[in-house]
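Welcome! Here is a short tour of the charged side-chain contacts in this protein. Have the structure open as you read along.

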Amino acid sequence: MSECSVVSRSWSELTTSELYDVLKLRTDVFFVEQKVDEEELDNRDQEPGTRHYWIADSSGTAAYLRVLVNEQPEHLDARHIIGRVVVRTDRRGEGLAQKLMDQVLKDFAGTPTMLHAQQYVAPLYAKFGFVAFGEPYEEATIMHISMYRAGTN
């Protein structure tokens with residue numbers, strides 16, 4: 001696998017090693033680096049509709065995100081939620097999150113989608129057509145803003 005290939009799998013397709021690498025990255029960044037004190041393992045990873053996207057290298061998972069599917073839209077018509085976007089510290093600034101977003105938006109072309117962005121990262125998502133809505137809010141001591149991308153025909 002090339003060091004910039006995007007992999008996408010459902011929960012049932014993940015190997016034990018892939019799952020470990022993904023959870024290690026999420027834990028290293030969200031708990032250790034960012035000191036997030038909210039529940040990381042929320043049982044949404046294993047839902048049948050959830051897709052896991054990542055880029056791996058010889059050190060493990062370098063970048064990751066997941067796409068959830070809600071039964072009811074969270075905002076307007078957006079049932080698909082992008083979340084847990086994370087890049088390992090030594091690979092930041094290389095555009096890996098953008099590669100993941102490109103793949104997700106290709107896979108879910110035309111699908112209304114939303115996300116809850118850490119506020120300082122919102123300009124990245126705006127490049128992909130996401131528009132902020134509502135007021136900024138604090139989640140896990142980090143300022144966030146909700147963002148929506150309309151479906152296209």
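## A partly exposed partner

Let us start with E94, which is partly exposed at 41% relative accessibility. Keep in mind that this is a predicted model. E94 pairs with R91 in a salt bridge, with 2.8 Å from N to O. R91, by contrast, counts as buried, because its relative accessibility of 9% falls under the 20% cut-off.

D57 sits in strand β2, while R88 belongs to the loop between β4 (80-87) and α2 (96-107), so their contact ties together parts that lie 31 residues apart in sequence.

Are these two residues buried or exposed? D57 is buried, with a relative accessible area of 15%, and R88 is buried as well, at 14%.

## Another link to strand β2

Strand β2 (residues 51-57) also holds R51. The side chain of R51 meets that of E13 in a salt bridge, at 3.4 Å from N to O. E13 is found in the loop between β1 (6-9) and α1 (16-33), and the two residues are 38 apart, making this a link between distant parts of the chain.

## The overall count

How many salt bridges are there in the model? The count comes to ten, and the pair of R51 and E13 is one of them.

Methods:
Residues numbered from 1 in each chain as written. Predicted model: local features only at pLDDT ≥ 70, side-chain atom pairs only at ≥ 80, totals over all residues. Heavy atoms only, no water. Salt bridge = Lys/Arg side-chain N within 4 Å of Asp/Glu carboxyl O. Helix = DSSP H or I, 4+ residues; strand = E, 2+ residues; numbered from the N terminus. Buried < 20%, exposed > 50% of the residue type's maximum accessible area, 1.4 Å probe, protein only.
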